[in-house]
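Here is a short tour of one protein model. Keep the sequence and the 3D view side by side as you read.

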Amino acid sequence: MSIVIDWEAFVRVFGAALVGAVVIVSFYALGLRLLVRAGRVPLVTPAEFTDAITVLTDKEIRRAAKQAEKAAKRSPLTEGQKTLALVAAYACFAMCAAAVLGGILLIVFGH
């Protein structure tokens, strides 16, 4: 009994996975950057777990929200530029979703 590895197929799959990961992470990072430039700083309150190492207090959460509001007000962009940045951010997030959905469809139906 002999096991034969198709190295060409292995390299193709590895390359596709690497390119896909880089594309998804890049578009997501660019989308977050554009979202912040548009004045919509994402503020996510942390979930509290019983075994959490760091738990933010209500005061720290309020301070972070206040800093996010200040950063949104200090934006040097005009309203048109903010709108364009927001649309571009949503387009980047849509590209991430399309890449993930395309990968899932390729796995399910691509054989």
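A search of the whole structure finds one salt bridge. The model is a predicted one. The partners in the bridge are the side chains of K82 and E79, with 3.8 Å from N to O. That falls inside the 4 Å cut-off for a salt bridge. Side chains of opposite charge can pair when their charged atoms come close.

Where do K82 and E79 lie? Both are in helix α3, three residues apart, or about one turn of the helix. An α-helix has 3.6 residues a turn, so residues three or four places apart point the same way. Are the two partners buried or exposed? K82 has a relative accessible area of 14%, so K82 is buried. E79 reaches 58% relative accessibility, so E79 counts as exposed.

## The overall layout

Now step back to the whole chain. The protein chain has three helices and zero strands. Read from the N terminus, its elements run α-α-α. The chain has 111 residues, and 11% of them count as buried. It exposes about 9,200 Å². Carbon and sulfur atoms supply 68% of that area.

Contacts along the chain can also be sorted by sequence distance. Take those between residues at least 6 apart in sequence. Of these, 73% join residues at least 24 apart.

Helix α1 covers residues 7-37.

Helix α3 covers residues 79-109. It has 31 residues and reaches 44 Å from its first C-alpha to its last. That is close to the 45 Å expected at 1.5 Å a residue.

Which residues of α1 are buried? They are G31, L34 and L35. The cover over the buried residues of α1 includes α3. In α3, the buried residues are K82, A85, L86, A89, C92 and C96.

## Aromatic pairs

Next come the ring side chains. How many aromatic pairs are there? The count comes to two. The table sets them side by side.

| Pair | Type | Centre to centre | Between the planes |
|---|---|---|---|
| W7 and F10 | edge-to-face | 5.6 Å | 80 degrees |
| Y28 and F93 | tilted | 5.6 Å | 50 degrees |

Start with W7 and F10. They are three residues apart in helix α1, so about one helical turn separates them. W7 is exposed, because its relative accessible area is 54%. F10 counts as partly exposed, at 48% relative accessibility.

The pair of Y28 and F93 is tilted, with 50 degrees between the planes. Y28 lies in helix α1 and F93 in helix α3, so the pair ties together parts that are 65 residues apart in sequence. Y28 is partly exposed, at 44% relative accessibility. F93 is partly exposed too, with a relative accessible area of 21%. The cut-off for buried is under 20%, so a value of 21% does not count as buried.

## A nonpolar surface patch

Both W7 and F10 also belong to a nonpolar surface patch. The patch is made by I3, I5, W7, F10, V11, F14, L18 and V22. Its area is about 900 Å². V22 lies in helix α1. At 47% relative accessibility, V22 counts as partly exposed.

## After α1

What follows α1? It is G39, whose phi is positive, near 90 degrees. V41 sits in the loop between α1 and α2, and α2 covers residues 58-73. V41 counts as partly exposed, because its relative accessibility is 29%.

Which residues does V41 touch, not counting those up to four places away in sequence? They are L35, V36, A68 and A71. One of these, L35, is among the buried residues of α1. V41 can also be placed against A65, which is 24 residues apart from V41 along the chain. The C-alpha atoms of V41 and A65 are separated by 9.2 Å.

Definitions and conventions:
Residues are numbered from 1 along each chain as its sequence is written. This is a predicted model: local features need pLDDT of at least 70, side-chain atom pairs count only at pLDDT 80 or more; totals for chains, interfaces and linings use all residues. Side-chain values use heavy atoms; hydrogens and water are left out. Patches are made of residues with over 30% relative accessible area and no salt bridge: like charges are joined within 9 Å, nonpolar side chains (Val, Leu, Ile, Met, Phe, Trp, Tyr) within 5 Å. Accessible areas come from the Shrake-Rupley method with a 1.4 Å probe; for residues, only the protein chains shown count as cover. Helices (H or I, at least four residues) and strands (E, at least two) are DSSP runs, numbered from the N terminus. Buried means under 20% relative accessible area, exposed over 50%, partly exposed in between (1.4 Å probe, protein chains only). Contact means heavy atoms within 4.5 Å. Rings of Phe, Tyr and Trp (its six-membered ring) pair if their centres lie within 6.5 Å; planes under 30 degrees apart count as stacked, over 60 as edge-to-face and the rest as tilted. The expected span of a helix is 1.5 Å times one less than its number of residues.
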